[in-house]
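Here is a short tour of one complex, written to be read alongside the model. Please keep the viewer open as you go.

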Amino acid sequence: MKRLARALLVVLALGSCAKPDHRTHIYLQRFFGECGAEYGGSIDVAKAEGECGIITTLINRFNAENPDIHIDVNVVAWPGYPQLTAQVAARDPPDLVTMHEGVISDYALKGLLEPVDDYLKMGGVDTNDFTDAARAGVTINGRAYGLPWDTHGGLFHVNTALFAKAGLMRAGKPVLPTTADELIAQGKQFEQRTGKPYLIQSNVGDPAFAARNLYTYMMAQGAVLFPDAHHIKLNTPTGVAVAEYFRRINVERIGTLNMDTPAAIAAFINGEGGIYPTGTWMIGSFQKEATTRGRPLYNSYAVFPYPRLWGAHVEYVSGHSWVVPTHKRSAGQRAAIARFFRFMAAHNFDWARTGHIPAFNSVLADARFKALPHRADIAPLAEIGRPLPSNVQRQNAIEGIVGEEAAAAFTGQKKVPQALADAERRVNDLLAEVE
Amino acid sequence: MAARLGQARLTLPARVSLGLAALIMVAPLLWTLLLSLKHNADLVGHSGAALHPPYTLDNYGAIFGNSLTLRWLMNSAIVALGQTAGVLILASLAGYAFARLEFPLKRTLFVIVLLGLAVPSQAVILPQHQLFAWLHLHNSYPGLILPGLVAPFGVFFMTTYMRGIPAELDEAAMLDGASRWTIFWKIIVPLTLPAQSTLAVFTFLGAWNDYWWPLISATRSDMYTLTVGLAAAQMNYAQTSGLGYLMAQAVFASIPIFIVYIVFQKQIVRAMAGAAVR
């Protein structure tokens, strides 16, 4: 027995003798999934596809190009905020984290994120090159709390074959509505000529869809959604008008009514409707369908930002960013983070291949970006995109509440004023709990 | 004998009804299995594609292509087995004490244990997390196992079961000079094996499927359990663009549970039947 114990101790001791590592380690935490099986050893960014493939390859490439630094990657279940909060509470946060721009305020206003201005300066990242939407997404009280990585928002994904059948194509491009009434008229014409719904809508279990519609078209009419950091204002004549309009779309059967996200995606892919309003993140999947011979969407796909139906052409957007949780770090680690920022900024074009809008004007203007399918059409999102005010916390939770109530209004489960009043009350209750 | 009696009493409509019910029960599982054998791209447009070939094992290959999957499997096994062993030991000892021994505040303590059944784990998650952070137990096996050892249901279950064992057995053993420990270990524990099996299966199942605590305690990917690891491996919108992979993950994660049920099904049925008769 004693011999066995000794043998075990020797094995343990030998096992703990690791090769000395003089590299600076940076602990990076991200979502976007795990795809080590396909991209674990890849450093060829140009060949990588999809969010997971591109981010994995980029990090591999950074490690390969910077032998004195090693990025230790922790992949978290989407969106990863429960884990991050737990790590912060345990005083063991990562060095770099992927974060939705709408979530930054939750952490930054509590002092849990470092302003990154110094890192950006040290890394030589030109902050003047940020797009307006990207800058607004990461800036709180005049300080940048993250490296903006992309802008994402709603898009009108269009089946051009059905649009042609409906007589809604001009010079090879879909004719999108320019007023609210025109959208209804187009919808009726589309249904008459194709026998299919004009809009494919994910009204079920997708609060972001309804919230996006309400936010976007209230913003377009100049509505101030948050008069201050603790109150939302939705139950206004503008809010009621927008919600009543989406209710009318459903009453007049301009769009599908009872679809969740998978059903809506499948319907669009199978050519069961004219327009699917969903995000930038679906461009890759739909483009793949559009370039696969024999598929219903083959050669029949176009995509644009939400059309201007009222007032100004603006659109509610969010974005992904890289943030640095507050923690004690060595000078070497700080320099490594700065170098990582420089690398990621330099590779923003690669990330834009996912379908998201780049966070840098120079990438928007880059011929390589413009040459990507549909990018010239969706690039205006960087200019018209408007995030929620950066001093408002709990934006994810708020989107859930607003989306739930707005969907109830759009589908007729609740009267519009009642749903908007409920949304206001619930959000204001939530914000009242925030310090 | 009992099985023959049961068969003799089943009429044809009853058998058909039971068959239909069984089919309804198993249909989602079969559907999951079929989806897991299809390429993701085939399922994006229409999940009905799962009903016809070609089928593939690529999704399972992708699971094993991730270098950490086996590590997550091992972590889950260690945590689930550790919790199961711990709960069996603690619940049996506590159950014996509550069922057989007299000590001050016994009733009060038992009520406190029962109150534990009414406290959802989410309600204590913040202090629990702080405590484990203070003890530096996050990202460790003890950190993952220890919270699961608080098992009021197990204590209640074993107490109830042991109370059903005639006290005369203990008295006879005492007359023969057996100590309390000998009585517990040599007489009571063997008699409670059906209950132990049931409790073991429930505990193992709960520990294996647990997501919430491992999600916030194991924040380093090498300490993830299988549930957290597989969830982390999913991309956004996995339910549409990666349905086959998602289903393969579900099948893969449920295999150990399936094996546990197969191995212990006699004990489970016996324990359930015993509880019903009593």
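In chain B of this predicted model, the axes of helix α5 (residues 69-100) and helix α12 (residues 193-209) come within 8 Å and cross at roughly 140 degrees. Helices here are DSSP runs of H or I with at least four residues, strands are E runs of at least two, and both are numbered from the N terminus. Axes are lines fitted to C-alpha atoms over the stretch in contact, with angles from 0 to 180 degrees between N-to-C directions. The crossing is right-handed, the near helix being turned clockwise from the far one by less than a right angle.

Residues of α5(B), including V79(B), Q83(B) and V87(B), meet residues of α12(B), among them L199(B), T203(B) and F204(B); contact means C-beta atoms, placed from the backbone, within 7 Å.

Turning to the two chains, 27 residues of chain A are in contact with 26 residues of chain B. On the side of chain A that touches chain B, α2 (36-39), α3 (50-65), β2 (69-75), α4 (81-89) and α12 (261-269) of chain A each give two or more residues.

Now for confidence, as pLDDT (the predictor's confidence in each residue, from 0 to 100):

| Part of chain B | Mean pLDDT |
|---|---|
| Chain B | 86 |
| Helix α1 (residues 2-9) of chain B | 56 |
| Helix α8 (residues 141-145) of chain B | 96 |

The model scores ipTM 0.71 and pTM 0.81.

Residues are numbered from 1 along each chain as its sequence is written, and chains are lettered from A in the order in which they are written. Local features need pLDDT of at least 70 and side-chain atom pairs 80 or more, while totals for chains, interfaces and linings use all residues.
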